[in-house]
Amino acid sequence: MTGTTGTTGAALGAPAERREGRQKVTGAARYAAEYTLPGRAHAWPVPAAVARGRVTAVDTAAALALPGVLAVLTPEDAPRLADPEDATLAVLQGPGVPHRGWCVALAVAETPEAARAAARAVRVTYDTAPHDAAFTEHHRDGYAPQEAGGQPGRVEHGDPRAAFAGADVRVDVTYRVPPLHNHPMEPHASTAHWDGDRLTVYTSSQGGTTVRSTLAQLFRLPEEHVTVVAEHVGGGFGSKGTPRPDVVLAAMAARHTGRPVTLAYARRHLPTVVGHRAPTVQRLRLGAGHDGRLTALLHETTSPTSRVKEFVEYAAVVSRVMYAAPNLLSAHRVVPLDVPTPSWMRAPGEAPGMYALESALDELADVLGLDPVELRARNEPAEEPGSGKPFSSRHVVDCLREGARRFGWEDRDPRPGVRREGSWLLGTGVAAATYPVQAAPSTAGAQALPDGTFVVRINAADIGTGARTVLAQVAADALGVPLDRVRTEVGRSDLPPAPLAGGSSGTASWGWAVHEACAELASRLAAHTGPLPAEGIETRADTTGKADADSPWARHAFGAHFAEVAVDTVTGEIRARRLLGVYAAGRILNARTARSQFTGAMIMGLGMALTEGSTLDPAFGDFPEADLASYHVPVHADVPDVEAHWIDEDDPHLNPMGSKGIGEIGIVGTAAAVGNAVHHATGIRFRELPLTPDRILAGLLSES
Amino acid sequence: MTSEPRPGHHSEITLRVNGKPHTLRVDHRRVLLDLLREDLDLTGSKKGCDHGQCGACTVLVDGRRLNSCLLLAVTLDGSEITTVEGLGGDGEEPHPLQRAFLDRDAFQCGYCTPGQLCSAVGMLAEAAAGHPSHVTGPETPAGPPVPLDRTEIRERMSGNLCRCGAYPRIVDAIEDVI
Ligand code: FES
Ligand code: FES
């Protein structure tokens, strides 16, 4: 907004327009596969066709005979890598096949068409071993992991089982969330080229600094010989948070052929190789007094992982944050199977965990005959239940009350199944939201130029959050200069190293370092007399020891989601009519881009509720719903008007900007609000996502 | 004739892309999307699925919006193509819809954006030509332009996925130019 760009000290919070917006709407913004370097070749992976076994032979003759084919890399002859820390990156390093879809060969050719034809012509023979891809809650290989999302796998306070058994009112329910796929609109892609022993990659990543250190380690290079460029990233939602096999394979193919090589995964390849949200089976036991106060809260979740590495979908962690229950159990189990490796998907842990917890709480409100907003208010904890730490700020009840006011909740008739409109049943629902405040150490540079402008440099990633813009706002206010005098450079590993855009921590981590570099620059400038030297004045900041310091505070963002749905009793179709979110997320740094992140995540939550579902197929060991025709992300017609609001929060215990992360909280609890609205509409509890017409219709028919 | 496509088989075609003629020898397997991205370095058109399932590759072919990943280039000899790079014409100023996308923050990562823009331009022309959609009421007279409310826009834009969930802002932006 032009009104704010020329004013000093007013940049933070202003709805500044995205700096790369013009490039994005004119098609000028280049993404990783779009670096059309001279002589560039294309790679196409050959995915394993068995769920477990060994490659015994790769016959490349037919593939190599095709026109335009340059090479086929196999587990026998591919370049040898150092052992990666992340075992999913050990591609083409041996004959083992840990799951279907694992890369067993890589075709490289002059054109994408030729590479794809070559990949099809490669003949792979396997020694197949029996596999187990059948996830069940009580699988005999299940175990309790030490850690879940960096926290203890299990937390227990008091005597939860006894307290539950003795409670006045009890809810004992099991909720199920299926595997979910991130499916950013830009499929994972990398373009690599070597210049002697220097490697440059253009890659679609949420964190180029880690890509650089990983490639340096794998290819045994000094880090300064690796350059990673991620100027524009077409979404990630967690799946681009760590380097993926595309960047390793592209670099191997480029080294092998001596040509720049692009590997752009086909959409169908993504589900098996870029991570997914692991399915969860969550048992919730809530015990309460007649007054609605919880006496026992038991949240136990089980999810599968692969045999390549352990990943725990930490769904029970939210129960350590949300409600005051003197007797608490929050515990995880994980079952290793011969399946693709799950990983982060937007609000890992919180999104499925709050679906189950907030749905169960709605069930408790129902049993008690208590308004669900009131029930939550009655269970506000004085300190964080899991850790005993005081909250740095916690305004979840304010969010619920403000949302209720805006949504028109007070006129709600709590009785389920009584609002009809022709063949439609109508209902409304509410759920709370939470997401932890996180930050990691970062470096940043700031430079004052003689012409009165400033440059901020940091290897941040703009995955659609508007990082360039918000960091310029942070810088402008720290320098005390108008926003239009500050330029930001991000997305290159030759800029000061910075952590990833993930865990809703990007802006906090980067902004902290930018703020420090700019604050120091401001004081250097204040002390400077006369004109600036030609190269200007530069400062650099490193927040190690600050951003990662232990805090005596429990720090989380909170929110509330409200939904109105209509359920078609003839077809079982659910239409969302309204979604409204209210958030307490510290200081909002850019009103325009923040709103887009909130509503965008709510829409992903709507997909989780109604349309998105995948299946781990026990026979084949991967996902039948591998493309966008079978895995249904919400489309325009599914999405009603979505409102996001926020409460101003002044929390001095966060970072110099006073901000909490905003990228993920919008998906947390949205599915529960929708599901609770479906119950309010129909009087039926559906405890498995997604709420597709087949399930709804079956439920309606069995009730009537 | 064999049943398998013959690899390496090429033909010459001439296309006008954003007003400029191009004569190319194309691999018969090459789709318009790859021709734009690989042969002409017009990378504004995006590949989200290569399969007709996402709309990221939407361009205008002889004024109609089509998924360029589903069009074999060899079948398009003589066609007039407009991509996101050509929406604004020759001028410095972007197309009014591009301006509206900026004003409304109708994107985040930007990867679906070129397809949304081309699709919306095509969609507005379809409605102006009186084409009904699934949600057009039976009482709407055939022939004259179909009035576009938010429901009509959503229905008609549903072939263009946006994983960032910019949908409400995209509808706002389209309404701005109606
Ligand atoms: S790339 Fe053409 S529809 Fe998806
Ligand atoms: S803006 Fe990212 S997919 Fe639409």
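## Domain 1 against domain 2 in chain A

Five residue pairs are in polar contact across the interface of domain 1 of chain A and domain 2 of chain A, both residues of each pair at pLDDT 80 or more. A polar contact is a pair of N or O atoms within 3.5 Å; within protein, one must be able to donate a hydrogen and the other to accept it, and residues adjacent in sequence count only if both atoms are side-chain atoms. Helix H12 (467-479) and helix H13 (506-527) of chain A are the elements that give two or more residues to the domain 1 side. H13(A) gives the largest share of that side, five residues. Helices (H or I, at least four residues) and strands (E, at least two) are DSSP runs, numbered from the N terminus. The count of salt bridges here is zero. A salt bridge is a side-chain nitrogen of Lys or Arg within 4 Å of a carboxyl oxygen of Asp or Glu.

This is a predicted model: local features need pLDDT of at least 70, side-chain atom pairs count only at pLDDT 80 or more, and totals for chains, interfaces and linings use all residues. Side-chain values use heavy atoms, with hydrogens and water left out; residues are numbered from 1 along each chain as its sequence is written, while chains are lettered from A and ligands numbered from 1 in the order in which they are written.

In chain A, domain 1 covers 21-30 + 440-542, and domain 2 covers 393-437 + 555-704. These bounds come from an automatic or database domain assignment. About 1100 Å² is buried between the two, and carbon and sulfur atoms give 59% of it. Buried area is the accessible area (1.4 Å probe) that two parts lose on being put together, summed over both. Thr465(A), Ser504(A) and Trp512(A) supply 43% of what domain 1 of chain A buries against domain 2 of chain A.

## The two domains of chain B

Chain B splits into domain 1 (10-86) and domain 2 (96-177). Each gives 16 residues to the contact, meaning heavy atoms within 4.5 Å. The C-alpha centres of these two domains lie 22 Å apart. The area buried between them is about 1200 Å².

One salt bridge crosses this interface. Glu126(B) forms a salt bridge with Arg65(B), with the closest N and O atoms 2.9 Å apart. On the domain 1 side, strand S3 (residues 58-61) of chain B gives the most, three residues.

## Where chain A meets chain B

Chain A brings 62 residues to the contact and chain B brings 57. The buried area is about 4700 Å², with 52% from carbon and sulfur atoms. Val25(A), Met185(A) and His636(A) lose the most area on the chain A side, together 19% of what that side buries.

The rule finds 11 salt bridges across this interface. Asp641(A) and Arg154(B) meet in a salt bridge at 2.9 Å, N to O. H14(A) supplies the largest share of the chain A side, nine residues.

## Strand S15 of chain A

Eight of the nine residues of strand S15 (residues 280-288) of chain A are buried, that is, under 20% relative accessible area (1.4 Å probe, protein chains only). S15(A) pairs antiparallel with strand S10 (residues 169-177) of chain A over nine bridges. Strands pair if DSSP finds at least two bridges between them. Arg176(A) has Val281(A) as its bridge partner.

Strand S16 (residues 294-306) of chain A also runs antiparallel to S15(A), joined by eight bridges. Ala288(A) stands opposite Leu294(A). The two strands form a hairpin with five residues between them, and Gly292(A) in the turn has a positive phi of about 90°.

Methods: Buried means under 20% relative accessible area, exposed over 50%, partly exposed in between (1.4 Å probe, protein chains only).
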